[in-house]
Amino acid sequence: MVLLKILKKLKQKEKEVRILVLGLDNAGKTTLVKKFNGEDTHTISPTLGFNIYDLEHRGFKLNVWDVGGQKSLRSYWRNYFESTDGLIWVVDSADKARLDDCRKELHLLFKEERLAGASLLVFANKQDLDGALSCELIAEFLNLAAIKSSHWKIVPCSAHTGDNLLVGIDWLLNDISERIFFIE
């Protein structure tokens, strides 16, 4: 218990959080992270491994891991779970055909003990496209209500335009802060 308090105080002093960005391929994970970081998003290739970003926002040091979502890479996701404070799950809101796969993969993640308690932000991405599903429908399809081991929130967004990215990131940081930095 004493060690836990020491680790929390060190983390509070640094205000460093580790965020894992996952989702199926072509959901917009890399576009989302690059847009948040103010980078050009016009020429993005599929992530064939992972990208690490050290970002700052609201006085927090964000260690962001953007991991490829191709089916062949998903078995490697577990290698990135250690010390994850927050998980951003990115959903392509216009890709109705893969919502079942999306739900299965998300629920597999929360069976992992190393992710238990991590704050979950679901970005319902590509809301700027015709036919994009609402957050309510996506939450229902993904069965988010069944996730009891973590706080979660779903936010509509467009990684392309940047709409609502800060709303989601701010919620995630607030939730992590309440759970990690201010608990004695």
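Reader: Is Cys 135 buried or exposed?
Author: Cys 135 is buried, at 12% relative accessibility; buried means under 20% relative accessible area, exposed over 50%, and partly exposed in between, with a 1.4 Å probe and protein chains only. This is a predicted model, in which local features need pLDDT of at least 70 and side-chain atom pairs count only at pLDDT 80 or more, while totals for chains, interfaces and linings use all residues. Residues are numbered from 1 along each chain as its sequence is written, and side-chain values use heavy atoms, with hydrogens and water left out.

Reader: Which cysteine sulfur is closest to that of Cys 135?
Author: The one in Cys 157, at 8.4 Å, which is too far for a bond. Cys 157 is buried as well, with a relative accessible area of 1%.

Reader: And how many disulfides are there in the whole structure?
Author: The search finds 0 disulfides, a disulfide being a pair of cysteine sulfur atoms within 2.5 Å.

Reader: Changing topic: in what order do the strands of the sheet run?
Author: The open sheet has 6 strands in the order 2-3-1-4-5-6, with mixed pairing. Two strands pair if DSSP finds at least two bridges between them. Helices (H or I, at least four residues) and strands (E, at least two) are DSSP runs, numbered from the N terminus.

Reader: Which strands are at the edges?
Author: Strand 2 (50-57) and strand 6 (152-156), each of which pairs on one side only. On average, neighbouring strands are turned by 20 degrees against each other, direction ignored; axes are lines fitted to C-alpha atoms, for helices over the stretch in contact, and angles run from 0 to 180 degrees between N-to-C directions.

Reader: How many bridges join strand 2 to strand 3?
Author: There are 8 bridges, and strand 2 and strand 3 (residues 60-67) run antiparallel. As one example, Tyr 53 has Val 64 in strand 3 as its bridge partner.

Reader: What does helix 5 touch on the sheet?
Author: Helix 5 (residues 165-181) touches strand 1, strand 2, strand 3, strand 4, strand 5 and strand 6, where contact means heavy atoms within 4.5 Å. Its direction makes about 175 degrees with that of strand 5.

Reader: At what angle do helix 2 and helix 5 cross?
Author: The axes of helix 2 (residues 29-36) and helix 5 cross at roughly 90 degrees and come within 11 Å. That makes helix 2 roughly perpendicular to helix 5; angles under 35 degrees count as roughly parallel, over 145 as roughly antiparallel, 65 to 115 as roughly perpendicular and the rest as oblique.

Reader: Which residues make that contact?
Author: Leu 32, Lys 35 and Phe 36 contribute from helix 2, and Leu 165, Leu 166 and Ile 169 from helix 5.

Reader: How much of helix 2 is covered?
Author: Helix 2 is mostly covered, with 6 of its 8 residues buried. Among them are Leu 32, Val 33 and Phe 36. The buried residues of helix 2 pack against strand 1, strand 2, strand 3, strand 4, strand 5 and helix 5.

Reader: One last topic: where is Asn 26?
Author: Asn 26 sits in the loop between strand 1 and helix 2. Asn 26 is exposed, with a relative accessible area of 61%.

Reader: What does Asn 26 touch beyond four places away in sequence?
Author: Asn 26 touches Asp 92, Arg 98 and Lys 126. Asn 26 and Asp 92 are 66 residues apart in sequence and 7.4 Å apart in space, C-alpha to C-alpha.
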